Each structure stands twice: as structure tokens, then as C-alpha cells.
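This briefing is meant for a reader who has not seen the structure before. The sequence and the model come first, and the notes follow.

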Amino acid sequence: MSVTETRIVRAVCGHDCPDQCSLQVTVGDGRVLRVAGDPAHPFTDGWLCGKVQNYEERVHSPDRILTPLRRVGPKGEASFSPISWDEALTEIVARWRDVQRRLGSEALVGYAYSGHMGLINRNLPRALFHALGASQFQSGTVCDSAAEAGWTRALGDTPGVDPETVVESDLILCWGANLATTNVHLLPFIERARARGARLVVVDPARTRTARMAEWHLMPRPGTDTALALGLMHVIVRDGLTDLDAVRASSIGLDRLIAETLPAYDPARVAAITGIEAREIERLGRLYATARAPFLRIGMGPSRHAGGATTIWTIALLASLVNSWAKPGGGAHMDSVKIWGWNYGALRRPDLLKRPTRTINHSLLGRALTEYDDPPIAALFIAANNPAVTCPDSARVRTGLAREDLFTVVHDLFLTDTARYADIVLPATTALETDDLYRSYGTYYVQYAARSIDPIGEARSNASLTAELAARLGIDDPVFTRSPREHVAALLAGATGPTGALTVEELLTGNPVKLPWGVRVPLARFEAEDGLLPSWSEPAADPRWPLHLLTGPGHFQAHTAYEGVERLRRREGRPTCLLHPFDAEARGIRAGDEVTIANDRGAVGLWAEVGAGVPSGTVLVTTQRSRAAYRHGGPLNVLVGDGLSDFGAGATYQDTRIDVRRG
Ligand SMILES: Nc1nc2c(c(=O)[nH]1)N[C@H]1C(S)=C(S)[C@@H](COP(=O)(O)OP(=O)(O)OC[C@H]3O[C@@H](n4cnc5c(=O)[nH]c(N)nc54)[C@H](O)[C@@H]3O)O[C@H]1N2
Ligand SMILES: Nc1nc2c(c(=O)[nH]1)N[C@H]1C(S)=C(S)[C@@H](COP(=O)(O)OP(=O)(O)OC[C@H]3O[C@@H](n4cnc5c(=O)[nH]c(N)nc54)[C@H](O)[C@@H]3O)O[C@H]1N2
Ligand SMILES: [Mo]
């Protein structure tokens, strides 16, 4: 009998999640045996979420792709046969060169998205496509670009406050963020504040897990938050609940907003818009303005509407209106991205792009694949993203992916819906099989992690695949042959702000390092640079589609990234939609019924739940699944249009109008 020698190594969770946990990985015989939260990381604090606590099941999932594959059947049907890496790369290089020769380099587009959040693996592929002169890709419009643009309009380059400071707060206003699912490691900090008397107030149309924890839950109609925020401002200014001179000292446009905008947002009108009673609006305005140190946590949900960037702009201004930034425990947090001052250009290398090329918006991928010509997209490379499920207008994405004249390469761990359309599928590593530097977008921690185990099967990381492709394409810039240590040094060379004080040596120890947090009172823009003031307008209604569809992340899934883990698939359960009892009764629908959600774009079959967890008129689906998980017609985003937000060019998932029927 042989005894496996085991050891514990440090790693970082590579998922797209604000917590970015620090891991202790038990390895033996080249396998991951166990994963635990690192007690030495103050935010992770020794525990993990339901998705990652059995991460070994994902690393060693029997569904993982272990060799390159070449398509042998029709696109979309997933008929592949294994080929060698050499054959795969030879074919990719030949096909890309052919496309460049026939149609020019802009006919090529490639990107890596957020399946791996390490800076090296996420950013290095960009350098390759810059060097190739490909069409540029604006990624992130499927996620946070509208929210970021709104925040920036309000507060410039101010980062969200350190989330750990929430312990000092006496009022936590959680606005459109489902923390108990999407930012779980913040909860113990909130609980510490509550143990000292703080109150938690949630603003979300859905009665989420987070809302169920709160002292008070307000349920606005989806997409009406701009009006709600302006209504709170109306009450705060009308009742003299803030020191306006102090606000003026660090803001622009306050008096114009007070004179021109706020009169139209009295509680009665805002009640009619939002569905929240006038006296509740009064009460929240008073509570927020009179708290000692109100902590405003803004989520992504409210940004995913046609007016979504303005919504985030307006909500973010509240923290300035009550002068909360200078108070420990106060201020606002949406994310911490702006605290980081890495020299990202050292990895992305925009200088390698010799001529400007067109930019393709991630949220419009389907349109780009089906409509763009001059030149059409003829070669597509996708890593760490599953757009056939998660992009808006996913039916159009599939139509594009099904084009016979499109050469598609997909780099993933699993045979996702997107990979099923590929000409060549390349096996990817999990983050535990890579070396990378991870900076959190929800905290102030950064941590380097060397690989815990060698790659499984023939899998390769984004970084090593990029390096190999560059070599075969004859691109000899040194960025493609740098060691991880050299990449870290390059990211630090010319880094700005507190990031500039970090050293390669301290990062490469593998210990989590926290950037210092200093109180910073931002200049708040109540008036945009072009003179615009925030306002709300009613989106056009279509009586044929009376219900509003809300969608969001699954509790036991990270978008679709855990579909390869059977236990988590089972825990997530079958896809359901939650209907208010009024809406269910009006349609003769009972809990457990087979139902179809439909609009002009398509019809998707799932199962009904009935309850008061949504306001009447709103339907909630909290998971993203592959087409096969639905009874028919999936995935869900066939119902979602590709309209963009008012500014920030972001997706508008939460603007989807539908109806639901039995059967
Ligand atoms: N378990 C798990 N965690 C995740 C993810 C995952 O897939 N699974 N995904 C990760 C990623 S990529 C991201 S970007 C983050 C997102 O995390 P969050 O910022 O929490 O964003 P969402 O969950 O998309 O939306 C948050 C809430 O907004 C609400 N909402 C929708 N429309 C409106 C509105 O008009 N007004 C208001 N007030 N609320 C609204 C939704 O009901 C939802 O409860 O989570 C990350 N964490
Ligand atoms: N209706 C609706 N749609 C949404 C949202 C919503 O709230 N509602 N949320 C949106 C948001 S916030 C986001 S961020 C997007 C997310 O959309 P996607 O980026 O498509 O998210 P995932 O399904 O997690 O896909 C990531 C893929 O990366 C793979 N992967 C993991 N690690 C690696 C790696 O190291 N290398 C490579 N090459 N692959 C890897 C995983 O196996 C997985 O297939 O979805 C968006 N779509
Ligand atoms: Mo996201």
C-alpha cells in the first residue's frame, strides 16, 4: 500500500467574484485533494463559498476537456475528434494567415474574458491580438461598463471605500447587490456592524437572500432607481437634513440639481414611479441622512437598464449629498477597481497595434458576427467566456457562431455551448494550474499564486497558449516570453498610487498584501461635464409583454462556470422562474408547473415557483444555464435584447419584457 504524500500550498480563487479568496490547497500525487479558505487572509477568514469549497471536483471533473479537438460534424452539435496540439496550432496559424491575406487583419477578433481573473492570464492575450492588428474587443460591456461609467461620472477616479470599514457603519444601505450570493465574505463584516447596532436596509425588486437578512427591504419596480435616489435627495434637501455648504465645497452642480431637478421628484410622484410608498421614501431619506456613518453598497443590478449608467451616477451621489465620505464606516463601495494603478499596458501592449482598428462591443457580439462587413469577422478566438449563453441576444450569437465561413477557436475547460460551435477547441487549465497575480475588484488585497499542480491532461493556460501562438506566428516581442516574475515586475514598473509602493519581492512571497486605505473625499458631479443633470424617464411599454424579467447569478453557479461540477448542478436545481401570486393566478400557474417565458425574440421552457419574493409584474430567474438545462428553447438570454445603456455601452438584461404561460 502506498501512502500519498500531501502538502498544503497557497493559491487564490480565480473566479470573477469581488471576494477573490485566498486558498489553502492540499495536493498529493499531482492532484488537488482539498481546498480550504486561508485563515491568514482577513477577508477570506478561513472559509469558502458553496461553489469553491469542493473545488477539487471542478479541477478533476470527468467533463474536462483534456486534449485539443477538431470539429467533424455540423457546428453546434459538438462532434469532435481529438487532435494533437501541434496539429491544432498549425491549423490555427494557417487559417488566421489565410484570413489576414484574403480579408485583412480586422477580419480577426480574439479575447480572453473573466473565467480567469489573474492579471497575466486575463491580459496577455490582448497583446497577441494587438500585435496581429485584429479588430479590438471591448470586453466587460456584458458586466460592469455601464456601472463603471456611472460611478466615474459621479466621482471620477475615486475607488469605493475599503469594504472592511463597514464594521464602523451604523447604517448599511445595500442597493441592488445580492451580497449573500455574490459577495458572501462581506457578510461577517456587516454582521459585526449589526452586532454593534447597525441596521441593514436593502433596495432590490427581488426578495433576495440578502433582503431576507435585512431589517428593512424596499422593493422598487425594476429600472426606477434613478427616481428613487432623486426622491431621497428631494427629502434630504427639503428637510435640511444635510450641511449643503459642506456638500458644495466638494461638488459641482449641486445648486442646479436642487433648482432644476429635485422639485419634480417629490415623494408622491416618486411613489407613483417606483411603487414604494411616499412615507417609506421619506423615512429612508431621513434615516440615510441622519445616520452617523452610512455605508452605501451599490450593486450591478440597477445598472443593467437602458438608463442604467445614469442610475449608478445618481445613487453614487447620495454618499456625497450626506457628506459621508470622511466618516469611518461611511462613503460608498461598488468595487475597488480604481484603487489599483498597475501598469496594465505592460501586459496588454496597445503599442503593438500599428494601425487603429474597429472595436467590437462584447454585448453586441451576435450583431458583429452576423452583420458586420468590410470586412466580416472571419476568425474568432474566445477564451474564458461562454457568450452562446451569457451574451445578450444569445440566439443571434449562435446564428453567428453557426456561420460556415467563420473559423472559431474556443479555449475552455469544458465543452460549453460556445465550444460546441468551435472548429477547434483547446483545453484550458483551471487557475490552480497557473502562475498569476490576482488583484481583487472588491477588496484592497493583491496576492500572487504559483501553480498548485501541473496542468491536467494536455491543458494549457491562457498565458502559455498565447506565448505559443505568438512564437508560431513569428511575433517576437519579449512580452510573450516573460516569466511570471518578469510580468509582475513589468506591471509594477510605472505603477501609480499606492500600487506603486508594492515590490516584486513582497508580492512573490505569495502572502496577501493589502493596499493602505486613506479617507478621500471625492469631488462629486451632480452636473455632468456636458451640463446634463440626472433624471428619470419612463421606458416605452409594450402591452403584449406585460411582465418584467429580472435575471441574476445563481447561488451555486458562477454564471455557467460550474456546470461541469455535477454536485453543484444538482444543488442549483432545475431552472425556475418566480412569479408573484397575482400574476401566477391570473395565468392559472401553480408552483412546480411547466411554464414558458416568451417575448418577440423567443420562448424558453422552465418551471414555475410562486411567491411574494417579487413585486407583481416582475418575474425572477436567478441562474444562467446551458441550453440543455431548459425544457425547450433556451438559454435564457435568447429573450434578452442587445440594447445598450445610456452611456458606458453596457448590456441591459434587466429591461427585458416578457409574458409567462403554462406549458
Ligand atoms: N454565486 C455567484 N456569485 C457571483 C457571480 C455568479 O454568477 N454567481 N457572478 C459574479 C459577477 S461576474 C458579478 S458582475 C457580480 C454581480 O453581483 P451583484 O452586483 O450582486 O449583481 P447582480 O446579482 O447581477 O444584481 C444584484 C441585484 O440587483 C437586483 N436588480 C436588478 N435590477 C434592479 C433594479 O432595477 N433596481 C434595483 N434596486 N435592483 C435591481 C437583482 O434583483 C439582484 O438581486 O457577482 C459575482 N458573484
Ligand atoms: N441575463 C443575464 N445575462 C448575464 C448576466 C445577468 O445578470 N443576466 N450577467 C452577466 C455578467 S455580470 C457576466 S460577468 C457574464 C459572464 O459571462 P461568461 O464570461 O460567459 O461567464 P461563465 O459562464 O462563467 O464563462 C466563463 C468560462 O470560462 C471558462 N474558464 C474558466 N477558467 C478559465 C481559464 O483559465 N482559461 C480559459 N480559457 N477558460 C476558463 C469556464 O469554464 C467558463 O466556460 O454574463 C453576463 N450575462
Ligand atoms: Mo460580471
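This is a predicted model: local features need pLDDT of at least 70, side-chain atom pairs count only at pLDDT 80 or more; totals for chains, interfaces and linings use all residues.

Residues are numbered from 1 along each chain as its sequence is written, chains are lettered from A and ligands numbered from 1 in the order in which they are written, and side-chain values use heavy atoms, with hydrogens and water left out.

**Ligand 1**

- Around ligand 1 there are 32 residues, and those that come nearest are Asp-204, Asp-225, His-305, Gln-557 and His-559; a residue is near a molecule or strand if one of its heavy atoms lies within 4 Å of it.
- The shell around ligand 1 holds 13 nonpolar, 14 polar and five charged residues; Ala, Val, Leu, Ile, Met, Phe, Trp, Tyr, Cys and Pro count as nonpolar, Asp, Glu, Lys and Arg as charged, and the others, Gly among them, as polar.
- Polar contacts are pairs of N or O atoms within 3.5 Å; within protein, one atom must be able to donate a hydrogen and the other to accept it, and residues adjacent in sequence count only if both atoms are side-chain atoms.
- His-305 has a side-chain N or O atom 2.7 Å from an oxygen atom of ligand 1.
- Backbone N or O atoms also take part: one of Met-300 is 2.9 Å from an oxygen atom of ligand 1, and one of Gly-554 is 2.9 Å from a nitrogen atom of ligand 1.
- Ligand 1 exposes 910 Å² when taken alone, and the protein buries 96% of that; accessible areas come from the Shrake-Rupley method with a 1.4 Å probe, and for residues only the protein chains shown count as cover.

**Ligand 2**

- Ligand 2 is surrounded by 30 residues, of which Asn-386, Thr-390, Asp-412, Thr-560 and Asn-637 are the closest.
- In the shell around ligand 2, 11 residues are nonpolar, 15 are polar and four are charged.
- Asn-637 has a polar side-chain atom 2.6 Å from a nitrogen atom of ligand 2.
- For Thr-551, a polar side-chain atom is 2.8 Å from a nitrogen atom of ligand 2, and for Gln-624 the distance from such an atom to a nitrogen atom of ligand 2 is 2.9 Å.
- On its own, ligand 2 has 910 Å² of accessible area, and the protein covers 97% of it.

**Cavities and a pocket**

- On a 1 Å grid over the protein atoms alone, a cavity is a set of points where a 1.4 Å probe fits but cannot get out, a pocket is an open set with protein on both sides within 12 Å along at least five of seven lines, and lining residues have an atom within 4 Å of a point.
- Grid points are joined across faces, edges and corners, and a volume is the space filled by probe spheres set on the points.
- There are two cavities of 30 Å³ or more.
- The largest cavity holds about 110 Å³, and of its 13 lining residues Cys-13, Cys-17, Cys-21, Cys-49 and Val-52 are the closest to its centre.
- The lining of the largest cavity has eight nonpolar, three polar and two charged residues.
- The volume of the second largest cavity is about 40 Å³, and its lining residues include Val-161, Trp-325, Pro-328 and Trp-517.
- The second largest pocket has about 480 Å³ of space, and 29 residues line it, with Gly-223, Trp-536, Glu-538, Pro-539 and Arg-657 closest to its centre.
- Helix 13 (308–321) and strand 22 each give two or more residues to the lining of the second largest pocket; helices (H or I, at least four residues) and strands (E, at least two) are DSSP runs, numbered from the N terminus.
- Helix 13 contributes the most to that lining, with three residues.

**Salt bridges**

- The structure has 46 salt bridges, each a side-chain nitrogen of Lys or Arg within 4 Å of a carboxyl oxygen of Asp or Glu.
- One of them joins Glu-527 and Arg-256, whose closest N and O atoms are 3.3 Å apart.
- Glu-527 is in the loop between strand 21 (524–525) and strand 22 (547–551), and Arg-256 is in helix 10 (residues 254–261), so the pair links parts of the chain 271 residues apart.

**Backbone geometry**

- Most residues other than glycine have a negative phi, and most peptide bonds are trans.
- The peptide bond from Asp-374 to Pro-375 is cis, with omega near -10°, and Pro-375 is in the loop between helix 15 (365–371) and strand 15 (379–383).
- A cis peptide bond also runs from Gly-634 to Pro-635, with omega near -5°.
- Gln-20 is not a glycine, yet has a positive phi of about 40°; Gln-20 sits in the loop between strand 1 (6–12) and strand 2 (22–28).
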